[in-house]
Amino acid sequence: MRRTSIILMLCLITVAVFSQNSIRVGDDGRSMTITTRSTAYHLSMVNNEVRMVNYGNKILVERAGRPLGAEIPVRGGFANATPLLEVIFPDGVRDIELEYKSYGIINTDGYQTLQITQCDKYYPLEVISYIKVLPEYDLIEKWIEVRNTGKKGIIKIENLLSGSIYLPKDAYELTHYAGVWGNEFTPQTTKLTPGIKTVQVKDFKSYGSSSFLVRPEGETDNYTGKVWFGSIKYSGNWRIDFEKFFNGPVQVAGGMNFWDQELNLKPGNSFTTPRIVFGYTELGTEGVTHALTSYIREQLLPSSHRDKIRPVLYNSWYATTFDVNEEHQLALAKVAKDIGVEMFVIDDGWFKGRVNDKAGLGDWTVDTNKFPNGLQPMIEKINALGLDFGIWIEPEMVNPNSDLYRAHPDWVFHFPNRRRHEGRNQLILNLAREDVFQYLYQSFHKLLKENNIKFIKWDMNKQMSDPGFPSAPADEQRAVRIRYMENLYRLVETLRKEFPEVWFENCSSGGGRIDMAMNSRYDFNWTSDNTDPIDRIFIQDSYLTLFPANTMISWITHEDWHRQNHPLEFKFDVCMAGVLGIGYDITKWTDAEKDVAREKIARYREIRKTVQTGTPYRLVSPYDNNRSILQFVNREKSESIVFIYNLAEYPGNSIPENRRSTLVQLRGLTSGSRYKLEGIEGVYSGDFLMKTGIEIPLRGAYKSRIFTIKEV
Ligand code: GLA
């Protein structure tokens, strides 16, 4: 009896585990199905070649059709897809012929991952491709490991992307995000016509994103419609090709950009690509936002701070630029504390020789002319006020006018006989070098060890140029970008491990390096140097489509990009949709201004949990309308915060938006629950608020309103 029940229990457990399996292999071992909550991805082996059959809605793609293309298309045979792998073998042969060998299901960070091994039919090249399944986010992560299994001879890798997917035959439009300094993440939509549309970065900086959305042509609804989407988890040079075949599907292939880049795989060596994330939803752009933002927030953000509420920041950059000293910083900190700030951050200008942007970068010791007692005594006074202290650094850069450069002019990227191209009077340190890595590690380890620093703003201000590493072995010279990125990640990871309580902010002259790889190592991003509230409403709308609000640092400053003199209240309301910061010279504020700040910061502290951890909804986008409306709903759906920003006011019926209803339907509430809206009479059901909606409670250009919705 006892034995029977144990067997029964084991059977039940097996069924339970099996039913949770996100990877199923057909009885003949020649077909594989990967499922997430609502998607399926089918693979099949045809003549020992691994092919992708289809990817999309779990129910609709259940019936396997004809394969759309090779899972790992390579250069070799017919050139009928964008290759993920292009190599040259030691004897000069440039074609690859892959053959399926085996599969395995492994566990990566708690998630089932399909591992498929293919080998070249003749040469010692092994290609292992991975698909990690994240069922609850409807996402998969793909990456590839390539090995030289031979005893002699180097395999030259000319191109190695992370993965691709094929979309079924249809007419499609691509939306991607591009930008420049001060105008980050501007959505761009373009038709995919036969040929290849490439979105790429050859630099280490981009003001756009590798995140993309592909939708059937003409489908623009925010809440419904098929979308294939994704993003590359890499901060260096990346590339995505969208290849539309004349009579057939679209292939999306992405990863590192092998432009002026190659890898030489020695016998016994392997290389693993960064990951590319793919997803599919039928819930329109909102489905993409929910998948990406919850994945970043719950899976990627550094685990030490992942669930912590982000502090209210003060940053001294706009108040002082390089002109910093203890007395003024303390005066700023005093007011900061008084108005409700929690983290006080000194920006650029604190280190040796840093009187302007022409000198000092690289010499990471305190400037004793400005801080004769060093930093720690000042930090202690700031701490005594009840504030944590943070500091700005730009590790990857050096000014030619610095002790570091004078001692090591060969430590920067450069080519002999060629000009060293400066940007903002600085050069890029060659972080591919171990001595550069060690110098930076020692400098920042010391800084953090000797001073009670709880926040690092990590900047990176120059574009890539002169990527030469003359003293590296010839076969490593064009791998310099890859080695740089490996060491950049290693540097921040090492410092985080040693100083686990420190917050890290990612900055690159504003939002010049924001991606999933940075989001897995830094707690937040400085979104843009452009702090104009109107411009920010646009930048933030795009940012919040792709990234969670608890990563979006937003400061109010006195900068007035368009000479509009917007009121403080309006600026605060814009910045409160993310992680609030203040960047004014607050010692000059009047009592009335301090009162506004005190009240707004107190309000932010009340609502920030829902803003930072809630589900985001973009109810009205400024790109389509004369206003922006954002909504955040907490997990329990008992509290929601709505932000309304009016950009313009037009006479009734004068423009398309004004001819439409002025009711706005809220989202994400519980239909049957009853809610009270702050400042609005009555109690409403969730159903009413989401189906009928409310009259937009705000009139007038450049006006804003924030209101709370609470379940009663
Ligand atoms: C960059 C950043 C700014 C500020 C300055 C300091 O421009 O984006 O926020 O830190 O550097 O030099």
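In this predicted model, an oxygen atom of the ligand is found 2.6 Å from an N or O atom in the side chain of D529. Two further polar pairings involve ligand oxygen atoms: a polar side-chain atom of R424 lies 2.9 Å from an oxygen atom of the ligand, and a polar side-chain atom of D459 likewise lies 2.9 Å from a ligand oxygen. Taken alone, the ligand would expose 310 Å², of which the protein buries 96%. The surroundings of the ligand comprise 13 residues, the closest being D347, D348, R424, K457 and D529.

In soluble globular proteins, nonpolar side chains tend to be buried together. Here the largest nonpolar core has 197 residues, and W350, F572 and F643 are those with the most contacts inside it. Helix α8, which covers residues 480-498, gives the most to this core, with nine residues. A second, separate core has 19 residues, among them L619, V633, L677 and I696.

The contacts of W350 can be followed individually: leaving aside residues up to four places away in sequence, W350 touches residues that include V324, W364, F371, I391, W392 and L447, and also T365 and D367.

Finally, consider helix α2, which runs over residues 284-300. At 1.5 Å a residue, its 17 residues should span 24 Å, and the end C-alpha atoms are 23 Å apart, which agrees with that expectation. Of these 17 residues, 14 are buried, meaning under 20% relative accessible area, so α2 is largely enclosed by the rest of the structure.

How values were computed
Residues numbered from 1 in each chain as written. Predicted model: local features only at pLDDT ≥ 70, side-chain atom pairs only at ≥ 80, totals over all residues. Heavy atoms only, no water. Core = buried A, V, L, I, M, F, W, Y, C linked by side-chain atoms within 4.5 Å. Buried < 20%, exposed > 50% of the residue type's maximum accessible area, 1.4 Å probe, protein only. Helix = DSSP H or I, 4+ residues; strand = E, 2+ residues; numbered from the N terminus. Contact = heavy atoms within 4.5 Å. Expected span 1.5 Å × (residues − 1). Near = heavy atom within 4 Å. Polar contact = N/O pair within 3.5 Å; in protein donor to acceptor, adjacent residues only side chain to side chain. Areas by Shrake-Rupley, 256 points an atom, 1.4 Å probe, with all protein chains shown as cover.
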